[in-house]
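Please prepare a short briefing on the model shown below.

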Amino acid sequence: MSKIKPRAKIPKEAELNEVIEIKTLIRHPMHSGRVKDVDGKTIPRLIINKFNAMFNGKVVFTVNLEPSISSNPYISFPFKVKEEGTFELSWEEDGGNQYKLTKSLKVV
Amino acid sequence: MIRTKMGGIVNISRRKAVKMIAVSSALFCSGVGGVLAGKPEVSGQINNIISGSQAREVDVFLDVPEIAENGNQVKVAFEIESPMSESDFVQEVYIMADGNPAPNVAKFNFTPYSGECFASTRMRLSKTQDVYLVAKFNDGTHSITQSTIKVTIGGCGG
């Protein structure tokens, strides 16, 4: 299995009160629990079930994901720039594993 | 004259045709705002979400393809007109698909920090079906929209 790797595309700089679009992608198989492998055994469910976006410690956007989301889930969302700071993005997997990514944003 | 599927010919007056079109379009419009057709599971879920709340007239733009060649990766994007201020913002957006083994696709939780209300992701669709978007505002009102997607090759496992 390939390594689970989160990625995010956030502009490094933005103007005050500008609405930016943040694009995120995490490499993950998103096993829905309905697919069978070559031996006919069902692959157990293993998905990313929650995505959290925090900015300077405040929750700004979250998504609850279900098995109907494609593998390598892509999420894009808006954010209005009010101050400088850091984004903390986290993806929660079934079973409690967490994948995290931090990115900083500058105001020009 | 209208040629039916069975090959027969039905005589129909112009007046009757106009009436038929009017009635069918009226039915279509009421389907979006009122009771939803589709799988009972989905309408049950939607009724749970919107129970006790009022519908709001707002521009909701659900951007999905008309024909999805690959059901494994179907783009779903939406945009909802909202000031996204502390007092008036979109709180939750549910995406549902009525032909998948499980109807829920995703739930987006917005905050006033978002500034605008749009988002996109990719979903799996097992077959040709209707996709519903239910938006819930912070004052308790809701808005529903739907779109049919034709799926050429189903995303196995949905």
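Two strands are taken to pair if DSSP finds at least two bridges between them. Helices (H or I, at least four residues) and strands (E, at least two) are DSSP runs, numbered from the N terminus. By these criteria, strand β6 (residues 74-80) of chain A and strand β8 (residues 117-123) of chain B are joined by 2 bridges and run antiparallel.

The model is predicted: local features need pLDDT of at least 70 and side-chain atom pairs count only at pLDDT 80 or more, whereas totals for chains, interfaces and linings use all residues. Residues are numbered from 1 along each chain as its sequence is written, and chains are lettered from A and ligands numbered from 1 in the order in which they are written.

**Chain B**

- Chain B contains 2 helices and 10 strands, and its elements follow one another along the sequence as β-β-α-α-β-β-β-β-β-β-β-β.
- A residue is buried if 20 or more other C-beta atoms lie within 10 Å of its own, exposed if 12 or fewer, and partly exposed in between, with C-beta atoms placed from the backbone. Of the 158 residues of chain B, 35% are buried on this scale.
- Two residues are in contact if their C-beta atoms, placed from the backbone, lie within 7 Å. Among the contacts in chain B with a separation of 6 or more, 66% involve residues 24 or more positions apart.

**Strand pairing across the chains**

- Strands of a sheet pair through backbone hydrogen bonds, either parallel or antiparallel.
- An open sheet of 6 strands is ordered β1(A)-β3(A)-β6(A)-β8(B)-β5(B)-β3(B), and its pairing is antiparallel.
- Its edge strands, each of which pairs on one side only, are β1 (6-9) of chain A and β3 (60-63) of chain B.
- From one strand to the next, the twist averages 15°, where axes are lines fitted to C-alpha atoms and angles run from 0 to 180 degrees between N-to-C directions.
- A:S76 has B:S120, in β8(B), as its bridge partner.
- A further antiparallel pairing, over 5 bridges, links β5(A) with β7(B); here the bridge partner of A:F61 is B:F110 in β7(B).

**Contact between chains A and B**

- Chain B contributes 28 residues to the contact and chain A contributes 26 residues.
- On the side of chain B that touches chain A, the elements giving two or more residues are β7 (104-110) and β8 of chain B. The most comes from β7(B), with 7 residues.
- That side of chain B divides into 12 nonpolar, 12 polar and 4 charged residues. Here Ala, Val, Leu, Ile, Met, Phe, Trp, Tyr, Cys and Pro count as nonpolar, Asp, Glu, Lys and Arg as charged, and the others, Gly among them, as polar.

**Individual residues of chain A**

- A:N52 belongs to strand β4 (residues 48-55) of chain A and counts as partly exposed because it has 17 C-beta neighbours inside 10 Å.
- Not counting residues up to four places away in sequence, A:N52 touches A:V59, A:T62 and A:S90. The C-alpha atoms of A:N52 and A:W91 are separated by 6.5 Å, although these residues are 39 residues apart along the chain.
- A:M30 is not a glycine, yet has a positive phi of about 50°. A:M30 lies in the loop between β3 (19-26) and β4 of chain A, and counts as buried because it has 22 C-beta neighbours inside 10 Å.
- A:N56, in the loop between β4 and β5 (58-65) of chain A, has a positive phi of about 50° although it is not a glycine. With 14 other C-beta atoms within 10 Å, A:N56 is partly exposed.
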